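Visitor: I would like to go through this model by question and answer. Please show it first.

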Amino acid sequence: MIPTIIGFLLMLQAPGTGPERFFVGRTEGSGTVHVMLSGRHSVHDRGAGRMVGDTLVLQQIVEEEGKPARRRSWRLTRAGGNAITGTISDARGPVTGTVSGDTITLRYRMTEGPSVVQTITLNPGGRTARNRMTFRRFGMNVATVETTIRRVD
């Protein structure tokens with residue numbers, strides 16, 4: 001289970017403008033994973049994002065307590081209007097989403113099986129964002145991740 005990101009996410013308007021700029025450069029996130037019947041543990045991530053044309057490309061290292069560090073790669077593009085499409089390296093199939101103001105909502109299925117709804121909201125001032133992921137399996141919420149992401153540069 002992962003968070004972040006985090007990175008994710010470009011709330012793309014035009015390359016280099018708007019909320020997607022939050023993820024261009026370096027970001028760091030930290031927070032908590034809560035797994036049903038298993039309790040809570042910490043999660044941290046580091047990301048490096050850049051725009052390639054109109055696509056946000058984000059490389060992350062996710063460190064979840066009790067698990068080896070792992071790499072994640074994101075590619076997210078505005079699909080017209082407020083729609084977003086893309087890929088995440090540990091998602092099975094496409095990522096879809098929407099942008100509304102300073103909030104992006106992504107939907108995808110993890111390769112491990114659960115479906116994910118991820119909401120990232122930029123905080124006033126644009127230096128931090130809230131990330132919330134909800135994992136569902138068999139119609140039930142089985143885990144949540146809540147992190148705060150901050151721009152490093």
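Visitor: Which residue in β2 is the bridge partner of G25?
Guide: The model is a predicted one. Strand β1 covers residues 25-35 and strand β2 covers residues 39-52, and they pair in the antiparallel sense over eleven bridges. Within this pairing, G29 stands opposite D45 in β2. For G25, the bridge partner in β2 is G49.

Visitor: Which residue takes a positive phi in the hairpin of β1 and β2?
Guide: This hairpin has three residues between the strands. Most residues other than glycine have a negative phi.

Visitor: Is L37 buried or exposed?
Guide: Exposed means over 50% relative accessible area. L37 has a relative accessible area of 84%, so L37 is exposed.

Visitor: Which residue in β3 does G47 stand opposite?
Guide: Strand β3 covers residues 55-64. β2 and β3 pair in the antiparallel sense, over ten bridges. In β3, the residue opposite G47 is Q60.

Visitor: Which residue has a positive phi in the hairpin of β2 and β3?
Guide: Two residues lie between the strands of this hairpin. The phi in question is near 65 degrees. The residue that takes it is G53.

Visitor: What is the order of the strands in the closed barrel?
Guide: The chain has zero helices and ten strands. From the N terminus on, its elements run β-β-β-β-β-β-β-β-β-β. The barrel is closed, has ten strands with antiparallel pairing, and runs β1-β2-β3-β4-β5-β6-β7-β8-β9-β10.

Visitor: What does the twist average from one strand to the next?
Guide: The strands in question are those of the closed barrel, which pair in the antiparallel sense. From one strand to the next, the twist averages 25 degrees.

Visitor: How many bridges join β5 to β6?
Guide: Strand β5 spans residues 83-88 and strand β6 spans residues 91-100. A hairpin joins them through two residues. T85 in this pairing stands opposite T96 in β6. The two strands run antiparallel, and the number of bridges is four.

Visitor: Which residue in β7 is the bridge partner of G97?
Guide: Seven bridges join β6 to β7, and these strands run antiparallel. Their hairpin has two residues between the strands, and there G101 takes a positive phi near 60 degrees. The bridge partner of G97 in β7 is L106.

Visitor: What kind of aromatic pair do F22 and F23 form?
Guide: A pair of aromatic rings is described by the distance of the centres and the angle of the planes. For F22 and F23 the values are 4.8 Å centre to centre and 80 degrees between the planes. Planes over 60 degrees apart count as edge-to-face. The pair of F22 and F23 is therefore edge-to-face.

Visitor: Why do F22 and F23 count as buried?
Guide: Buried means under 20% relative accessible area. F22 is buried because its relative accessible area is 4%. F23 is buried because its value is 0%.

Visitor: How many residues apart are W74 and Y108?
Guide: W74 and Y108 form an edge-to-face aromatic pair, with 6.4 Å centre to centre and 85 degrees between the planes. W74 counts as buried at 1% relative accessibility, and Y108 is buried with a relative accessible area of 4%. The pair links distant parts of the chain: W74 lies in strand β4 (residues 70-80) and Y108 in strand β7 (residues 103-110), and their separation is 34 residues.

Visitor: Is F138 buried or exposed?
Guide: F138 sits in the loop between β9 (128-137) and β10 (140-151). Its phi is near 55 degrees, a positive value in a residue other than glycine. With a relative accessible area of 78%, F138 is exposed.

Visitor: What percentage of the residues in the chain is buried?
Guide: The chain has 153 residues. It exposes about 7200 Å², of which carbon and sulfur atoms supply 52%. The buried residues make up 48%.

Notes
Residues are numbered from 1 along each chain as its sequence is written. This is a predicted model: local features need pLDDT of at least 70, side-chain atom pairs count only at pLDDT 80 or more; totals for chains, interfaces and linings use all residues. Side-chain values use heavy atoms; hydrogens and water are left out. Two strands pair if DSSP finds at least two bridges between them. Axes are lines fitted to C-alpha atoms, for helices over the stretch in contact, and angles run from 0 to 180 degrees between N-to-C directions. Rings of Phe, Tyr and Trp (its six-membered ring) pair if their centres lie within 6.5 Å; planes under 30 degrees apart count as stacked, over 60 as edge-to-face and the rest as tilted. Buried means under 20% relative accessible area, exposed over 50%, partly exposed in between (1.4 Å probe, protein chains only). Accessible areas come from the Shrake-Rupley method with a 1.4 Å probe; for residues, only the protein chains shown count as cover.
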